[in-house]
Structure formats: structure tokens, C-alpha cells
2 protein chains.
Amino acid sequence: MISVDQALAEIMARLPKRRSSLCSLEESITRVLAEDLPSDIDSPPYDKSLVDGYAVIAADITSGVTLEILDEVIAGQTPTKSLTRNTAIQIMTGAPLPDGANAVVMVEQTSRQGQQVTINLEQILPETNVMRRATSLSRGETILPAGTRIRPIEVGIMAEIGYSQIPVYQQPKLAIISTGDELVDVSTTPQNGQIRNSNGPLLSTLGTTYGALASSLGIGRDDPDELTKLIARGLQADILVLSGGVSAGVKDLVPAVLNELGVQQVFHKVNLKPGKPLWFGVRQQENHQTLVFGLPGNPVSSLVCFLLFVAPVISQLVGVESENLRTSSAVLTADYQQRGDRPTYFPARLTQDNGTRYVTALAWKGSADQRTLSEANALAFFPAGNQLYPKGQTITVFEIPS
Amino acid sequence: MISVDQALAEIMARLPKRRSSLCSLEESITRVLAEDLPSDIDSPPYDKSLVDGYAVIAADITSGVTLEILDEVIAGQTPTKSLTRNTAIQIMTGAPLPDGANAVVMVEQTSRQGQQVTINLEQILPETNVMRRATSLSRGETILPAGTRIRPIEVGIMAEIGYSQIPVYQQPKLAIISTGDELVDVSTTPQNGQIRNSNGPLLSTLGTTYGALASSLGIGRDDPDELTKLIARGLQADILVLSGGVSAGVKDLVPAVLNELGVQQVFHKVNLKPGKPLWFGVRQQENHQTLVFGLPGNPVSSLVCFLLFVAPVISQLVGVESENLRTSSAVLTADYQQRGDRPTYFPARLTQDNGTRYVTALAWKGSADQRTLSEANALAFFPAGNQLYPKGQTITVFEIPS
């Protein structure tokens with residue numbers, strides 16, 4: 001049985017190339033830039049004043065000097081006069097600096113009498129309160145590099161430098177199929193032995209959270225023909241995630257149907273808990289490749305397998321390079337007895353107190369216990385082997401994104 | 001001039017009531033529950049086995065005991081036979097526990113000869129590998145309380161307990177108008193004195209990030225009639241944000257137009273930097289109330305005012321109770337000289353090294369310098385007053401959500 005790291009390496013080795021496409025400025029939020037974006041403008045477009053005051057020649061300013069006011073410039077105007085020695089031009093915030101000026105005295109530091117202004121400063125350094133042309137943005141210069149994750153701040157910058165259509169990495173299409181005769185739709189009341197299909201909505205919204213275009217195709221019954229049709233539909237996506245049907249039971253039809261549809265198995269079973277029955281394969285057809293994941297049917301195993309193995313695929317395709325499951329460490333709040341030969345990812349709650357991070361393994365009642373997950377914001381990691389992890393010990397945790 | 005805290009209190013005192021509405025399960029992601037959600041089922045619906053193995057009576061198990069196999073139960077089946085002393089029933093993971101059984105021995109701990117099974121255990125405690133009915137969910141019990149923020153995990157739980165339509169707090173409608181004759185649309189090349197409207201996309205995507213239904217209504221020209229029409233449209237939203245037109249310049253028409261349209265000014269100018277010209281008012285018409293914010297026109301002031309004053313309003317309305325701008329502390333990486341009589345929110349970069357959080361004030365080139373913001377993930381806070389904050393000092397920071 002392969003390890004988690006080996007499984008992840010097998011998956012990542014089969015990742016298709018990232019594709020890019022254009023989207024609108026507003027839709028680009030949370031997406032990742034597929035190209036460097038150069039500016040088409042200088043910003044500011046001219047030397048400008050950062051304050052309301054008087055444009056001056058710095059060398060003229062000595063204590064109590066009085067200058068002649070030549071003109072007034074407001075934002076949006078172009079100065080028509082140039083400064084000469086011992087003159088000043090009244091200027092508003094944002095207005096273009098007149099020729100000859102190299103500093104601006106704030107209005108609060110002056111007193112005016114008619115066309116004369118007295119400067120109440122000992123001296124002023126050249127460039128004071130001046131912002132030179134292209135200080136912020138320079139035409140042709142890359143302002144946002146490929147790989148930038150777009151926040152509202154970046155949307156503002158892209159608007160400033162003239163991009164209404166944004167080149168971003170495409171969102172992969174993710175199809176979800178929940179398999180099993182025991183499943184009924186959320187709007188149906190389960191009868192004897194039935195449970196509602198919660199994995200479909202869980203996995204499709206997880207996919208959305210990571211940036212995929214996710215859709216749940218519904219329930220695949222334990223009927224070879226019906227299952228074949230549904231899986232064939234799912235194979236049109238970039239990533240097909242099936243939940244259930246991959247453990248070793250008699251009725252687990254999924255691997256056989258996948259094989260018939262041309263999906264090549266890469267591995268089946270991974271050494272972890274929960275999630276051991278994980279199945280992974282690839283279908284390569286002409287120009288379309290589908291990565292296929294068979295996840296165990298219970299919600300907690302499904303969640304763990306999705307976070308560990310499917311989320312990194314989506315993240316890579318949408319251009320998020322960083323680790324998905326943010327690994328960090330935290331201090332155990334209670335003893336934890338690890339048992340068995342499989343590394344364990346246990347639902348846990350991460351809290352913070354006075355700068356220290358604490359982790360509490362939840363009172364998880366088995367892999368179908370979805371409810372306890374609502375308290376989970378992390379997975380606590382315990383390596384294989386029987387060992388007591390005492391309260392106070394620092395362990396590795398994986399944060400579940402919210 | 002009122003303080004930031006006073007301004008925020010004035011705004012919060014005028015918040016309308018939260019409204020709720022139904023949305024689909026998949027659309028409920030990131031929303032907040034407006035009602036308690038009770039379960040309509042017991043989970044598990046019956047006592048069940050957590051492993052593949054043999055259902056037994058715990059008291060029968062002694063080292064090497066051999067039991068007679070009465071029957072076999074798989075998931076989805078109902079057991080037809082009951083255990084009697086010294087018998088066992090073969091059982092699959094998830095299958096209902098037969099009457100009489102109170103523990104399950106894992107198949108790995110047994111050896112089978114025909115209809116006999118030998119148990120390779122010293123003893124077994126009652127309840128081992130058994131999950132009793134309703135251990136996870138109990139019918140009628142509130143599983144997710146009102147106020148829960150919905151993650152994929154909660155989507156899965158809501159599917160399990162039968163909710164296909166989810167009662168969530170409504171998203172407020174947010175309208176954005178950028179004012180000023182110097183503005184041109186993003187797809188236009190700015191001529192002399194013109195700049196592109198970057199605040200519209202910046203503020204609308206900020207609104208989206210916080211959960212509002214945001215739309216940018218475009219550019220409001222410095223023309224009373226045109227501005228009146230556009231603002232009247234904006235007043236149909238729950239929150240109207242105008243950028244520009246609220247400082248003290250001759251052409252700042254916005255306050256006059258708002259007044260004419262029945263918007264009552266609550267305050268104008270707040271003691272902070274950047275963002276001092278902030279304007280806030282309310283229009284109350286029959287059943288519709290609009291909160292109106294006039295933000296300074298430059299992008300950095302706009303951003304700071306939005307984060308400090310508009311984001312908390314959206315968050316409250318969508319049901320996120322917690323602070324928006326997460327306040328924390330960090331260690332300065334370089335000296336910072338604070339000047340002037342206004343508390344300052346300075347664009348900054350927060351980093352983490354070995355568990356310590358560091359903050360670096362960015363080389364911000366004035367309030368129109370939007371580009372430097374792309375490095376910002378926080379605002380560094382410096383109280384009013386001339387003071388040198390030396391490298392190594394711990395200061396307050398506000399995290400900018402990404």
C-alpha cells in the first residue's frame with residue numbers, strides 16, 4: 001500500500017497544463033493572473049503636488065521669506081506659467097507642478113497678503129510634498145506579475161492600468177457522483193437503511209471553495225448500465241470525483257465501470273486513516289484528460305481524501321502555488337492515544353490563546369459522524385504506530401480552509 | 001471632528017434589521033444561518049457496526065472461544081435473526097446490529113471454519129465497534145444554530161438532516177458611484193488630467209468579498225442633474241457608497257445633491273488619516289432605508305474608509321458577528337515616525353517568522369499610490385501625536401482580508 005506522499009506524487013505527475021482565459025474585472029476576484037500585466041500609463045501622469053499650498057523653488061526658502069504669487073493651479077488644470085526665483089504659484093492637491101518648482105509649502109505653513117505669500121519655515125528640502133511623474137506606475141513596466149492572486153486591491157490597480165478583460169487561469173470542471181443504492185436525495189425522507197446523499201453537496205461546495213467549477217451529478221445506483229451512463233457524463237469534466245463504491249464489497253461496481261470506460265487505474269488504497277480505500281486513475285482521450293478519484297463513501301473519509309488529494313489538484317490548476325492544507329503546529333489540550341499502523345488525520349479544533357495555538361482532537365464517533373465535523377477547523381496528524389501523545393505535546397496540524 | 005469610534009457608533013446605531021431568505025444548499029456556502037436547524041432524522045438510524053466482522057455477545061468472549069455463525073448482514077439489510085448465547089452473526093461495516101448483540105469483533109481478529117468462527121481475543125468490552133442509534137444526530141435536536149457561518153462541512157450536515165432550502169441572512173444591496181469629471185472608464189486611455197475609475201471596481205469587489213450584492217453604477221459627472229439621477233438610482237440599494245466629491249473643493253457637489261434627495265447628514269469628517277473627509281448620512285423613505293457613505297476619492301483613503309466603516313455594516317447585515325478588521329499586534333521591522341494630530345492607518349505588510357508576527361510600513365508614496373497597496377495585507381495603526389515608533393516595538397495592526 002502506497003503512502004500519502006507517494007499517492008500525491010502519482011497524482012501530481014499526471015496534472016494537465018494550466019489553461020488561461022479572459023474574464024471581466026469584477027469576475028477576476030480570487031482568480032490568479034496567467035500573464036504579467038504591464039501598465040499603459042505613467043502614474044502620476046505628471047509631476048504633482050501632494051498638498052494644498054504653494055509651489056516654490058526650494059533654494060528660495062529661508063526663514064520668513066516673502067514670495068510673489070504668479071498664478072493658481074487646481075487639479076485637472078495645466079500650469080501656464082513657470083516659476084522664477086522668489087516667486088510662488090498657489091497649487092491644489094493633485095495639481096501639476098509648474099515648471100521651475102521643486103517643492104510645495106503646505107498652506108498651513110504660510111500667510112498670504114494679496115499677491116504676496118510669507119513662508120513660515122526655516123527651509124524646505126527639494127522634492128518636499130512633490131510626487132514626480134511615474135513614481136507609482138511607469139508605462140511598460142510590469143505592475144502585477146503572472147501568478148498574482150487577485151484581491152480587491154489588485155482589481156483597483158488593474159482598472160488604473162487599463163485592463164477590463166483579465167487573463168486568468170481557467171477553473172477546472174469538477175463533477176461529483178455519489179454512488180450507492182442506500183442513498184436518497186436531500187429532499188427525500190430516508191426509509192429503512194437509507195441515508196441522504198450528503199457527499200454530493202459537501203464535495204461540490206468544497207470544490208467551489210478551492211476554485212473549481214463544481215457540479216454534483218447526483219446519485220449513481222448500483223446498476224452497471226445506469227452507472228456507466230452517469231460516469232461517462234462525469235468523464236467530460238477535468239476532474240471526476242466519485243464517493244462510495246471503492247471499498248472491497250461485493251457491490252462495489254465502480255472500478256469495473258471505470259475500467260470499461262477507459263480509465264486507467266494508477267493506484268487503489270493508500271496508507272492513511274480515514275481514507276484507505278482511495279482509488280485514483282486517469283482517462284486520456286485525444287485532447288481531453290480526466291483525473292478520476294474514487295473516495296470512500298463516508299463523509300469524514302471523503303472530506304479527508306478531498307483535502308489531501310483533490311484540493312491540491314484544483315489549486316495547482318487555478319494557479320495557487322502555495323500549500324492547500326496549511327501545515328502548522330499546535331499544542332495538544334488532552335492526551336491522545338494513537339493506535340494502528342496507519343498515519344491518522346483526525347478531525348480537530350484549533351484555537352489560539354495569548355499567541356499559543358492549541359489543538360483538541362474532537363469526540364469523533366466514527367467515520368459516519370458528520371456532525372462532529374462542524375466543530376472541526378483542522379485535522380490533527382498522528383504518525384503510524386501505537387503511541388500516547390500526552391497533553392502539552394506539540395503536534396502537526398492541517399488547517400481546513402473556511 | 002468626531003473620532004473613528006464615535007463615527008462607527010453613529011453608523012451602527014442606524015443599522016436596519018437583518019432580513020432572511022431561502023437559498024439552495026449549494027448557494028448557501030459562506031452565508032450565515034438565520035434560523036436554528038433541527039434534524040428530522042436519527043443518525044445512525046439504528047444501532048450499527050463500525051467494522052467488518054462478527055456481531056457477538058461480549059460476555060461470551062474468552063480466549064479462543066468458538067461461536068456458531070447464525071446469519072450474515074450487509075449494509076442496507078435488516079437482520080432477521082437474533083443472537084443467542086455462544087452464537088455470532090457475520091456483519092459488514094454500517095450494517096444494523098442484530099438483536100442480542102452488544103459488540104462486534106473485527107474480522108482480522110477471527111478465524112472461520114465453515115459455520116464456526118474462532119475469536120482470537122482475550123475479551124471484548126460491550127459496545128466495542130458499535131455505534132448506537134442517534135449517537136451522531138437525534139431527531140428534533142438543533143444541529144446547527146442560527147448564526148452559523150456555512151462551510152462545505154455544514155453543507156454536508158444540512159444535506160444529511162434534510163434541508164434543500166436554507167434560511168440565510170440576506171445579502172445587502174450595495175451600489176457604488178465614483179464621482180468626478182477627471183474620471184474615465186477603464187477601457188478609455190486617459191488624456192491630460194484624466195485618471196481611470198479604479199474606485200468603482202475596487203469598492204464593488206470589496207463589497208462582494210464581505211458578502212454584499214455589489215454593483216458599480218459607473219461615473220457621476222460634476223453636473224447636478226446627471227449626478228441627481230445617478231444618486232437617485234443608487235438610493236434604491238441598501239448601502240450607497242460614493243467615492244470622491246466630499247472634500248471641501250468648489251466642485252464638490254455630492255453633499256448638496258444628497259441633501260436634495262432627502263438624505264440626512266449624520267456626520268462629515270472623521271479624525272483619521274487617510275480618510276478625514278468621510279461623509280455619512282441616511283435616507284429613510286417609507287419602508288426603505290439607505291445608508292449613504294461619501295468616501296474620499298483617492299484609492300488608499302477609499303480603501304481605509306471602506307474597511308473601517310462600510311465593511312462592518314455589510315458584515316452585521318449578513319450575520320457575521322465577529323470583527324471585520326481583525327485587530328492583532330505585530331513587531332515593527334523599521335523605525336516609523338508618526339506626525340500630526342490624526343490617528344493613522346498606514347498600509348503595511350504583515351509577515352510571520354518562527355511564530356512572531358512582524359509588520360513593515362510600506363513605502364507609500366501618497367494617497368494616490370495604489371500600486372504600493374498590492375504589497376499590503378494589513379493597516380498599521382499609529383495613534384495621533386508626534387512620536388517615533390522604533391524598530392522592535394509592538395504595535396496594533398488590522399488585517400486586510402484577502
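This briefing covers the domains, the chain interface, the helix contacts, the strand pairing and some backbone features of the structure above.

The model is predicted: local features need pLDDT of at least 70, side-chain atom pairs count only at pLDDT 80 or more, and totals for chains, interfaces and linings use all residues. Residues are numbered from 1 along each chain as its sequence is written, while chains are lettered from A and ligands numbered from 1 in the order in which they are written. Helices (DSSP runs of H or I, at least four residues) and strands (DSSP runs of E, at least two) are numbered from the N terminus.

**Domains of chain A**

- Chain A is split into domain 1 (4-18 + 171-318), domain 2 (23-42 + 139-169), domain 3 (48-131) and domain 4 (327-399); such bounds come from an automatic or database domain assignment.
- Taken over C-alpha atoms, the centres of domain 2 and domain 4 of chain A are 40 Å apart.

**Interface of chains A and B**

- In chain A, 57 residues are in contact with 56 residues of chain B, where contact means that the C-beta atoms of two residues, placed from the backbone, lie within 7 Å.
- On the chain A side, the elements that give two or more residues are β11 (142-144), α2 (152-160) and α3 (199-210).
- That side of chain A has 25 nonpolar, 22 polar and ten charged residues. Ala, Val, Leu, Ile, Met, Phe, Trp, Tyr, Cys and Pro count as nonpolar, Asp, Glu, Lys and Arg as charged, and the others, Gly among them, as polar.

**Helix contacts between the chains**

- The axes of α3(A) and helix α2 (residues 152-160) of chain B come within 8 Å and cross at roughly 160 degrees. The two helices are therefore roughly antiparallel.
- Axes are lines fitted to C-alpha atoms, for helices over the stretch in contact, and angles run from 0 to 180 degrees between N-to-C directions. Angles under 35 degrees count as roughly parallel, over 145 as roughly antiparallel, 65 to 115 as roughly perpendicular and the rest as oblique.
- α3(A) and α2(B) cross in a right-handed way. A crossing is right-handed if the near helix is turned clockwise from the far one by less than a right angle, and left-handed if anticlockwise.
- From α3(A), the contact uses A:N199, A:P201, A:L202, A:T205, A:L206 and A:T209, and from α2(B) it uses B:P152, B:V155, B:G156 and B:A159.
- This contact of α3(A) with α2(B) has six nonpolar, four polar and no charged residues.
- For α2(A) and helix α3 (residues 199-210) of chain B, the axes come within 8 Å and cross at roughly 160 degrees. This makes α2(A) roughly antiparallel to α3(B), and their crossing is right-handed.
- Here A:P152, A:V155, A:G156 and A:A159 of α2(A) meet B:N199, B:P201, B:L202, B:T205, B:L206 and B:T209 of α3(B).

**A helix pair within chain A**

- Helix α1 (residues 4-12) and helix α6 (residues 299-318) of chain A have axes that come within 10 Å and cross at roughly 30 degrees. α1(A) and α6(A) are therefore roughly parallel, and the crossing is right-handed.
- A:V4, A:A7, A:L8 and A:I11 of α1(A) meet A:L308, A:F309, A:P312 and A:V313 of α6(A).
- The residues in this contact of α1(A) with α6(A) are eight nonpolar, no polar and no charged.

**Strands of chain B**

- Strands of a sheet pair through backbone hydrogen bonds, either parallel or antiparallel.
- An open sheet of six strands in chain B has the order β7-β4-β6-β5-β9-β8, with mixed pairing; two strands pair if DSSP finds at least two bridges between them.
- Its edge strands are β7 (103-106) and β8 (110-113) of chain B, each pairing on one side only.
- Strand β5 (residues 66-73) and strand β9 (residues 116-119) of chain B run antiparallel and are joined by three bridges. B:E68 stands opposite B:Q116 in β9(B).
- Strand β19 (residues 279-285) of chain B is joined by four bridges to strand β18 (residues 264-268) of chain B, antiparallel to it. Here B:H268 has B:W279 as its bridge partner.
- Seven bridges join β19(B) to strand β20 (residues 288-295) of chain B, again antiparallel.
- The hairpin of β19(B) and β20(B) has two residues between the strands, and B:E286 takes a positive phi near 40 degrees.

**Backbone features in loops**

- The peptide bond from A:K273 to A:P274 is cis, with omega near -5 degrees. A:P274 is in the loop between β18 (264-268) and β19 (279-285) of chain A.
- The bond from B:S43 to B:P44 is also cis, with omega near -10 degrees.
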